[in-house]
Every structure is written in C-alpha cells, then in structure tokens.
Amino acid sequence: MRVLGVEGTAWCASAAVFDAETDSVFIESDPYEPDSGGIHPREAAEHMGDAVPRVIRTALEHARTAYDDRDGDQPPVDAVAFSRGPGLGPCLRVVATAARALAQTLDVPLVGVNHMVAHLEIGRHRAGFDSPVCLNASGANAHLLGFQDGRYRVLGETMDTGVGNALDKFTRHVGWSHPGGPKIESHATDGEFAELPYVVKGMDFSFSGIMSAAKDAYDDGVPVEDVCFSLQEHVFAMLTEVTERALSLTGTDELVLGGGVGQNQRLREMLASMCAERGADFHAPEPRFLRDNAGMIAVLGAKMAAAGDTVAVADSAIDPDFRPDQVPVTWRDSAES
Ligand code: ATP
C-alpha cells in the first residue's frame with residue numbers, strides 16, 4: 001500500500017507519500033508565513049491555492065521515481081488521503097478539491113482523514129504503541145484523547161483557546177512575528193519565575209486568563225525573558241497535570257505527544273519526567289511529524305484505506321469543526337498495511 005496524503009488545515013501546505021512496505025514517509029511542505037499578525041484565513045487559503053498543486057507535484061514525482069515496482073500504466077499511489085478537518089474552511093476547501101481531482105484522475109480511492117486523529121495515530125504508529133493516551137498540543141487545539149469502545153474519546157480539553165494560539169497571542173502583543181512558540185522557547189532560557197494564573201478544572205484547562213496576565217506583566221515591565229519562562233512553566237505544567245490524570249484514570253501506561261507545541265523541549269522534558277516517575281512509556285515523534293504535515297495524513301490514510309474506510313467524492317465534504325470523537329476507528333483491528 002502506497003498512499004499520497006494532502007494537508008492544509010491552516011498554515012502548512014503539504015503533500016506526502018507513505019509506503020507501508022518500507023515504512024518510509026516522504027514529505028514536501030510549503031508554510032504560509034504572514035507578513036504581520038497571525039494567520040489570516042483568506043491569505044492562508046490563497047497560499048493553499050498556490051502551494052498545494054506544487055507540493056503535490058513534488059510528492060507524486062517522488063512516488064514515480066523512488067520505487068521501481070510499478071510500470072507506467074499503474075497509478076503511482078493506491079489511494080489519496082486528505083485532511084477533512086478540523087481547520088480553516090477556506091483552506092480545507094482548496095485541499096479537498098485538489099485531493100478529489102487527483103483521486104479521480106488516478107482512479108484510486110479517496111480517504112477523508114481527521115487531522116487531530118492523525119496527530120495521534122502518527123505517534124502510535126512510530127512508537128508501536130497499542131492503545132496510548134495522546135496529548136495533542138497544537139496551534140488551534142489542546143486535548144487529551146484515549147481509546148474506548150471504538151473511538152478516540154476526548155478525556156480533557158481547553159475551555160477556550162488552543163495552546164499554541166495562546167502563546168502566539170502573547171508574542172504578537174510583544175511585536176514578534178508568527179509563529180510565537182519557538183521565540184518563547186528561546187527567550188525562556190534566560191528567564192526567572194514570575195507568578196501567573198494556573199487554571200486546571202478537573203480534566204480541562206484554560207489559557208485565556210494566563211495570556212492576559214502575561215501581556216499585563218510585560219506591559220508592567222516584567223522582563224520578557226521572565227514572562228516567557230513563566231508562561232512555559234505554567235502552561236506546560238497544566239498540560240502535564242491533566243495528562244498524568246488521564247493516564248491514571250484510564251490505567252494506560254503509554255503516552256504519545258502530538259501537535260506543533262510538542263516540538264518544545266521543556267514540554268517534552270516535563271512529560272518525560274512525569275512518565276518516568278509513574279513507569280509509563282513516552283513517545284514524542286520527530287518534529288516533522290509534530291507540526292502540521294501530510295506525512296501523518298498519508299500514514300493514517302493508508303490504515304483507513306486498508307480497512308476499506310474510503311469515501312465517495314459526493315460524500316467527501318469538509319468539516320471545519322470535525323472532532324476526533326466523531327470518527328469511528330475502523331482500522332485498529334485491520335492488517336494496518
Ligand atoms: P492544529 O493541528 O490544531 O490545526 P495548527 O494548524 O496551528 O494546529 P501546528 O503545526 O500543530 O498547527 O502547531 C503550530 C503551533 O505550534 C503554533 O502556535 C506555534 O507557535 C507552536 N510551536 C511551534 N514550535 C514551538 C515551540 N518550539 N514551542 C512552543 N510552541 C511551538
């Protein structure tokens with residue numbers, strides 16, 4: 001099974017080829033970088049329109065040249081998978097249109113993938129875990145997922161903004177360019193602790209109050225390095241606390257990390273140390289699989305296609321609010337290849 005994946009839920013136009021036999025993933029990405037401010041949906045969609053055909057061409061070229069097991073009459077891939085949601089509607093529509101056209105041209109099945117389940121499944125796949133809890137710490141989302149009765153259930157989630165978006169809002173206030181997370185990480189190395197709100201309610205967390213407090217602290221003259229350091233300590237401790245509770249409540253001893261904020265070393269360190277203390281296995285995929293990427297779409301797309309979980313073009317509408325617990329997990333007992 002060889003699958004072409006297409007991703008473009010927000011900022012990253014990306015196409016990938018996953019070859020199940022060799023377990024290899026080729027990814028070609030082209031990020032949208034706003035001149036100022038955050039992600040503007042119309043500009044992001046224009047970027048998708050421009051970049052998606054380009055990254056698909058490169059990925060298809062790879063599929064045609066990197067393997068020598070097919071003659072020119074055969075399609076270079078066995079299915080086309082695309083991010084169906086959640087994400088920005090105008091971006092999702094570009095990606096879905098491209099994926100539908102490609103599947104029809106190549107005459108191969110179309111697979112509609114939930115982007116957040118893909119963030120989880122790429123970690124499960126790379127780690128070889130059976131049934132992990134997943135912390136998705138991405139730009140527009142923050143939630144804990146666990147598998148029960150045929151679906152990934154949302155065990156806990158943000159009550160307001162996504163964790164990465166919250167970090168980005170602070171850096172926009174300071175005048176730094178998007179994305180803000182890596183800038184917070186580099187400035188935090190020289191910072192000292194300052195008190196900020198810490199909001200965990202049961203299995204859920206909230207980031208909007210801490211963001212306002214961080215902006216106020218900066219405006220009141222607290223050194224930006226101290227605010228960055230303290231933001232990381234508070235926000236990542238909140239995520240780690242709820243993650244530990246999710247492991248404890250489910251009795252699971254496997255944790256995978258997903259999402260762009262998962263590239264942060266301090267978050268990985270806190271999760272690794274919490275897992276080590278309770279004897280759980282922790283897997284953080286390599287950065288190319290954490291930020292938005294089509295590799296995770298192609299990998300989950302292959303599992304779904306192998307399970308016969310494909311979609312007719314007429315039924316392949318996008319869903320900007322597609323939640324992970326809306327997805328029946330069809331692929332876990334299949335051959336997965
Ligand atoms: P989603 O998957 O929810 O649609 P998204 O499309 O915004 O999210 P991701 O690539 O998962 O995209 O995450 C992007 C976020 O990751 C941005 O908010 C960015 O600031 C944050 N980020 C990237 N690198 C780091 C880092 N080193 N530390 C903290 N945050 C980071």
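**Close-up views of the ligand site and backbone features**

View 1. Domain 1 (2-119 + 292-326) and domain 2 (131-288) each supply at least three residues to the shell around the ligand. The model is predicted. In total, 24 residues surround the ligand. The closest are His115, Ser138, Asp168, Glu185 and Asp292. Sorted by class, the shell holds 13 polar, 7 nonpolar and 4 charged residues.

View 2. The side chain of His115 places an N or O atom 2.7 Å from a ligand oxygen. For Gly260, a backbone N or O atom lies 2.9 Å from an oxygen atom of the ligand. For Ala140, a polar backbone atom is 3.2 Å from a ligand oxygen. Each of these pairs falls within the 3.5 Å limit for a polar contact.

View 3. The space that the ligand takes is the largest pocket.

View 4. Helix 3 (115-127), helix 4 (163-174) and helix 5 (181-188) each provide at least two residues of the shell around the ligand. Which helix gives the most? Helix 4 does, with 4 residues.

View 5. His178 and Pro179 are joined by a cis peptide bond. Its omega is about 0 degrees. Pro179 sits in the loop between helix 4 and helix 5. Both of these helices supply residues to the ligand shell.

**View 6. Gly85 and Pro86 are also joined in cis.** The peptide bond between Gly85 and Pro86 is cis, with omega about -5 degrees. Where is Pro86 found? Pro86 is in the loop between strand 4 (79-85) and helix 2 (89-106).

**View 7. Asp23 has a positive phi.** Phi of Asp23 is near 55 degrees. That is a positive value in a residue other than glycine. Asp23 belongs to the loop that links strand 2 (12-19) and strand 3 (24-31).

Methods:
Residues numbered from 1 in each chain as written. Predicted model: local features only at pLDDT ≥ 70, side-chain atom pairs only at ≥ 80, totals over all residues. Heavy atoms only, no water. Near = heavy atom within 4 Å. Polar contact = N/O pair within 3.5 Å; in protein donor to acceptor, adjacent residues only side chain to side chain. 1 Å grid on protein atoms, 1.4 Å probe; cavity = no way out; pocket = protein on both sides within 12 Å on 5 of 7 lines; lining within 4 Å. Sits in = over half its atoms within 2 Å of the grid points. Nonpolar A, V, L, I, M, F, W, Y, C, P; charged D, E, K, R; others polar. Domains from an automatic or database assignment.
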